[in-house]
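My entries are below, in the order I made them.

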Amino acid sequence: MARIKLIVTGDMEKLALHKSLQRFFPDERDGQKVTWELPRKTQCATSYQLSPLQKDNSNLSKAMKPLAQAMIAEALFGKTGKPADLVVVIDDVELGNLGREDIIAKHFRAAVQHILK
């Protein structure tokens with residue numbers, strides 16, 4: 001069985017996004033049944049405007065770390081000790097960060113690197 005796990009930041013996404021996406025993807029891949037698990041919800045990391053990262057990452061968003069930690073935990077261990085085959089993180093861009101998607105991506109990348117250290 002191939003397992004897909006979404007990491008989301010909203011209640012609506014937790015309740016329905018996996019069911020909605022499932023409609024547009026095959027139920028089977030390489031002879032394995034594809035299972036879309038109930039998404040894992042964590043706090044939103046884009047609720048406040050993110051500043052460009054400093055070279056030493058000293059201003060790394062504190063809210064981004066739990067988002068990165070959730071992704072890594074699902075990819076390495078999973079909820080039951082078996083990692084997901086695919087983990088997708090979804091955090092919608094709030095208005096204060098509109099047009100600053102590159103900054104969001106840099107914060108997330110730095111948070112993942114911080115957790116992996």
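**Ground rules.** The model is predicted, so I take local features only at pLDDT of at least 70 and side-chain atom pairs only at pLDDT 80 or more, while totals for chains, interfaces and linings use all residues. Residues are numbered from 1 along each chain as its sequence is written, and side-chain values use heavy atoms, with hydrogens and water left out.

**Entry 1: salt bridges.** How many salt bridges does a search of the whole structure find? I get four. The test is a side-chain nitrogen of Lys or Arg within 4 Å of a carboxyl oxygen of Asp or Glu. Side chains of opposite charge can pair when their charged atoms come close.

I started with Arg-3 and Glu-37, whose closest N and O atoms are 2.3 Å apart. This pair links distant parts of the chain, with Arg-3 in strand β1 and Glu-37 in the loop between β3 (32-36) and β4, 34 residues apart. Helices (H or I, at least four residues) and strands (E, at least two) are DSSP runs, numbered from the N terminus. Arg-3 counts as buried because its relative accessible area is 6%. Glu-37 is buried as well, at 19%. My cut-offs here are under 20% relative accessible area for buried, over 50% for exposed, and partly exposed in between (1.4 Å probe, protein chains only).

Next I looked up Lys-41 and Asp-11, which form a salt bridge at 2.6 Å, N to O. Lys-41 sits in strand β4 and Asp-11 in helix α1 (residues 11-22), so the pair links distant parts of the chain, 30 residues apart. Lys-41 is partly exposed, with a relative accessible area of 38%.

Then I checked Glu-74 and Arg-40, which meet at 3.2 Å, N to O. Glu-74 belongs to helix α2 and Arg-40 to strand β4, 34 residues apart. Is Glu-74 buried or exposed? Glu-74 is buried, at 3%. Arg-40 is partly exposed, at 32%. I also noted that salt bridges with shared partners join Arg-3, Lys-5 and Glu-37 into one network.

**Entry 2: Lys-5.** This lysine is in strand β1 (residues 2-8). Lys-5 counts as buried because its relative accessibility is 5%. What lies 2.9 Å from a polar atom of the Lys-5 side chain? I found the backbone oxygen of Leu-38 there. I then listed what Lys-5 touches, leaving out residues up to four places away in sequence; among them are Glu-37, Leu-38, Arg-40, Glu-74 and Val-88. Contact means heavy atoms within 4.5 Å.

Entry 3: His-18 is in α1. His-18 is buried, at 6% relative accessibility. Neighbours within four places aside, His-18 is in contact with Leu-6, Glu-13, Trp-36, Glu-37, Leu-38 and Pro-39. Lys-19 is exposed, with a relative accessible area of 52%. I took the C-alpha to C-alpha distance from Lys-19 to Lys-41 and got 15 Å, for 22 residues of sequence separation.

**Entry 4: helix α2.** α2 covers residues 64-76, 13 residues in all. From first C-alpha to last, α2 reaches 18 Å, close to the 18 Å expected at 1.5 Å a residue. That expected span is 1.5 Å times one less than the number of residues. Buried residues of α2 include Met-64, Leu-67, Met-71 and Ile-72. The buried residues of α2 pack against β1, β4 (40-41), β5 and α3. Gly-78 follows α2, with a positive phi near 70°.

**Entry 5: positive phi without glycine.** Asp-30 is not a glycine, yet its phi is positive, about 50°. Asp-30 lies in the loop between β2 (28-29) and β3. Asp-30 is exposed, at 72% relative accessibility. Asn-57 is another non-glycine with a positive phi, about 60°. Asn-57 lies in the loop between β4 and α2. Asn-57 is partly exposed, at 30%.

**Entry 6: Leu-95.** I placed Leu-95 in the loop between β5 (86-90) and α3 (101-116). Leu-95 counts as exposed because its relative accessibility is 75%.

Methods
A polar contact is a pair of N or O atoms within 3.5 Å; within protein, one must be able to donate a hydrogen and the other to accept it, and residues adjacent in sequence count only if both atoms are side-chain atoms.
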